[in-house]
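Subject: Structure handover and salt bridges

Hello,

Here is the structure you will be taking over. Please open it first, then read the notes below.

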Amino acid sequence: MKRIIVLFFAVFMIQWSYGNTANRQLSDKAKVSVLTCGTGGQLYSLFGHTAIRVYDPAEGINRVYNYGLFDFRIPNFYAKFVKGDLLYFVDYEGYESFVVNYAYDNRSVVEQELNLSQTQKQEVWSLLNESLKEENRYYTYKFIDNNCTTKVVDVLNQVLSTPVKVDVEENKGNYRTILNTYLRDRYFEKLGINLIFGNKVDHPATLLFLPDKFQAGLAQSMNGDQPLVKEELLVFQSKPVDNYVWWNTYWFASVVCALLLGLSINRIVRSIYFIVMGLFGVFFLLVGFYSLHSEVLLNNVVFLCNPILLFIPFVKNKSKIKRILGMIVVFLLILYVVLNLFSEKLIITLPLYVLTLGTLFLEFRANTQKE
């Protein structure tokens with residue numbers, strides 16, 4: 001019974017403490033700043049991270065609000081991520097522990113103190129604490145439209161008379177081009193991302209959706225007649241890391257594709273390749289219907305990884321159906337080039353494209369010789 005009373009009292013004190021802190025007025029010594037964290041080695045950290053800090057020494061407040069939290073233990077985590085209904089959430093932690101965690105991962109941390117009025121600071125503080133409420137803290141993650149960076153942008157834009165500047169030099173270009181700059185030494189990750197993302201990412205960037213682009217936007221924005229950024233401080237400088245791996249390069253992938261093309265003289269090798277590419281095509285086609293992510297819709301990659309390829313090994317060589325299927329696949333491959341003529345996607349997928357076209361040529365040349 002004593003343990004139950006103690007537990008009840010502890011829960012009550014935590015709730016009271018949260019409510020008391022959330023409703024507290026900031027002093028005139030309060031500061032609001034945006035934290036931009038560098039890239040990391042894991043797939044989810046390749047593009048950096050954004051958080052927002054509220055520091056008020058007079059009130060004993062030193063919180064970092066983090067909109068990029070998720071739980072790997074959620075059932076069907078990857079299926080939910082692909083579908084687009086995976087819930088991320090916001091929470092806060094102490095500033096020191098936040099910086100230590102990123103320093104431990106060798107990820108740089110830059111802090112930009114914002115030049116806000118006392119009223120604007122209080123509004124930011126209120127909005128952040130409002131987002132912690134159970135009915136508000138969860139949100140559906142979207143890679144471009146709704147992520148850790150865009151959530152902080154939204155908070156600031158609610159209190160600023162002029163939105164944070166989007167059309168900065170660092171954010172010019174389309175979304176695909178901007179994303180690919182983070183993947184220079186990671187060809188296979190770049191290939192995967194470019195394969196799964198559809199037409200939307202070829203549109204000009206109209207959002208500050210990546211941390212360092214947001215950092216640049218803040219540095220070039222105004223709050224009334226004053227610069228929005230009062231001071232920029234490098235909190236932690238990461239040590240240089242060489243991400244170059246010889247097998248994760250465009251040229252290695254090209255050599256592998258050339259070797260596979262040579263091996264495709266063998267009918268069994270060709271058949272395996274067609275089945276694998278066809279299965280990828282089925283996957284991309286289903287994702288286009290299944291996923292709620294707008295970034296993966298209208299994806300012409302199904303013209304390259306074509307589901308029709310699945311049937312080619314199982315159709316008789318002398319069949320007219322096989323010729324028709326081959327003509328359709330070739331036509332769609334040509335259409336793939338036309339649709340991606342001005343997209344980086346074409347260059348990135350070129351080794352795979354040449355391999356597919358070459359394998360088809362070998363298949364139908366063998367078919368003609370047998371006839």
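A salt bridge here is a side-chain nitrogen of Lys or Arg within 4 Å of a carboxyl oxygen of Asp or Glu. The model is a predicted one. By that rule, the count is 12 salt bridges. Three of them are described below.

Start with Arg270. Its salt bridge partner is Glu363, and the closest N and O atoms are 2.7 Å apart. This pair links distant parts of the chain. Arg270 sits in helix H10 (residues 267–290) and Glu363 in helix H13 (residues 350–370), 93 residues apart. Both Arg270 and Glu363 are buried. There is also a network: salt bridges with shared partners join Arg270, Lys322 and Glu363.

Next, Asp145 and Lys200. Their side chains form a salt bridge, N to O at 2.6 Å. Asp145 lies in the loop between strand S6 (138–140) and helix H5 (148–159), and Lys200 in the loop between helix H7 (187–196) and helix H8 (211–219), so this pair ties together parts 55 residues apart in sequence. Asp145 has 33% relative accessibility, so it counts as partly exposed.

Last, Arg186 and Glu189. Their side chains meet in a salt bridge at 3.4 Å, N to O. Is Arg186 buried or exposed? Arg186 counts as buried, because its relative accessibility is 14% and the cut-off for buried is under 20%. Glu189 has 22% relative accessibility and therefore counts as partly exposed.

Best wishes

Key: Residues are numbered from 1 along each chain as its sequence is written. This is a predicted model: local features need pLDDT of at least 70, side-chain atom pairs count only at pLDDT 80 or more; totals for chains, interfaces and linings use all residues. Side-chain values use heavy atoms; hydrogens and water are left out. Helices (H or I, at least four residues) and strands (E, at least two) are DSSP runs, numbered from the N terminus. Buried means under 20% relative accessible area, exposed over 50%, partly exposed in between (1.4 Å probe, protein chains only).
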